[in-house]
Amino acid sequence: MTKTLTNSEILAVFRKLRVKHPRLDIVTEVCDDLRATITDDEPKQFGTLFAPSHVGKSTAVKNYQEKVAVPEAISRGLVPADLPLDEQVRLQKLVVHVTLEGGATPRSLCADILAALGDPRSARGSKNLMLRRVYDLLSTLGVELLVIDEIQHLAVSKHRMSEDA
C-alpha cells in the first residue's frame with residue numbers, strides 16, 4: 001500500500017531538495033579555503049559573498065553545513081549520526097550560520113551569535129560581556145567558520161558606537 005503524503009509533507013520534502021549549480025561549488029571552495037586558514041597565531045580570515053536577493057546565498061551556506069560540516073562533525077564524534085539532518089546542522093558547531101534581522105545592533109549581533117552557539121543566556125549582559133562570551137565560545141566549541149547572513153541589517157552609527165547598544 002502506498003502512503004499518500006499531505007501537502008505539508010510534500011512541501012517539507014521539496015524544501016530539502018538542492019539543485020546542483022556551479023555556484024554551490026564556489027561557495028564550498030570559499031568555505032573550505034577559509035576553514036583551511038585557521039591558526040592560533042594569525043588573525044582570522046574573512047570572506048564575502050555578495051549577490052542579489054533570493055539567488056540562494058543562504059541556501060548555499062545551508063548546503064555546505066549539510067554536505068560538509070555535518071559529515072565532518074559526525075566523523076569527529078561531535079554529533080550523533082542517528083539524528084535528523086536539521087538537528088545535526090543545529091548541533092554541529094564547526095560551521096555556524098547566523099541571520100540578522102532588520103535593525104540589528106552590535107549587541108543583538110552578539111545575542112544572535114550566542115544563541116546559535118547554544119548559550120542559554122544569549123540575550124543577557126552588556127555588549128562587552130556578550131562579546132567576550134562570543135570569543136570564548138567560538139574558541140571553546142571549535143568553531144571553524146562563522147557565517148553572518150544579512151549583515152546589511154547591522155546598523156552602526158557614531159552614536160551607537162559610543163553607547164552600549
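These legends describe close-up views of a predicted model. Local features need pLDDT of at least 70 and side-chain atom pairs pLDDT 80 or more, while totals for chains, interfaces and linings use all residues. Residues are numbered from 1 along each chain as its sequence is written, and side-chain values use heavy atoms, without hydrogens and water.

**View 1. R133 in helix 6.** R133 lies in helix 6, residues 127-140 (helices are DSSP runs of H or I, at least four residues, numbered from the N terminus). R133 counts as buried because its relative accessibility is 13% (buried: under 20% relative accessible area, 1.4 Å probe, protein chains only). Its side chain makes a polar contact with the side chain of D119 at 2.9 Å (here, a pair of N or O atoms within 3.5 Å, one able to donate a hydrogen and the other to accept it). Leaving out residues up to four places away in sequence, R133 touches L114, D119, R121, S122 and R124 (contact: heavy atoms within 4.5 Å).

**View 2. Helix 5 against helix 6.** Helix 5 spans residues 106-116. The two helices pack at about 35 degrees, axes 9 Å apart (axes are lines fitted to C-alpha atoms over the stretch in contact; angles run from 0 to 180 degrees between N-to-C directions). From helix 5, P106, R107, C110, A111, I113 and L114 take part; from helix 6, K127, M130, L131, R133, V134 and L137. These residues divide into nine nonpolar, no polar and three charged (nonpolar: Ala, Val, Leu, Ile, Met, Phe, Trp, Tyr, Cys and Pro; charged: Asp, Glu, Lys and Arg; polar: the others, Gly among them).

**View 3. Helix 2 against helix 3.** Helix 2 (residues 22-36) packs on helix 3 (residues 57-75) at about 50 degrees, with axes 10 Å apart. L24, V27, T28, C31, D32 and R35 of helix 2 meet A60, N63, Y64, V68 and E72 of helix 3. Six of the contact residues are nonpolar, two polar and three charged.

Notes:
Buried < 20%, exposed > 50% of the residue type's maximum accessible area, 1.4 Å probe, protein only.
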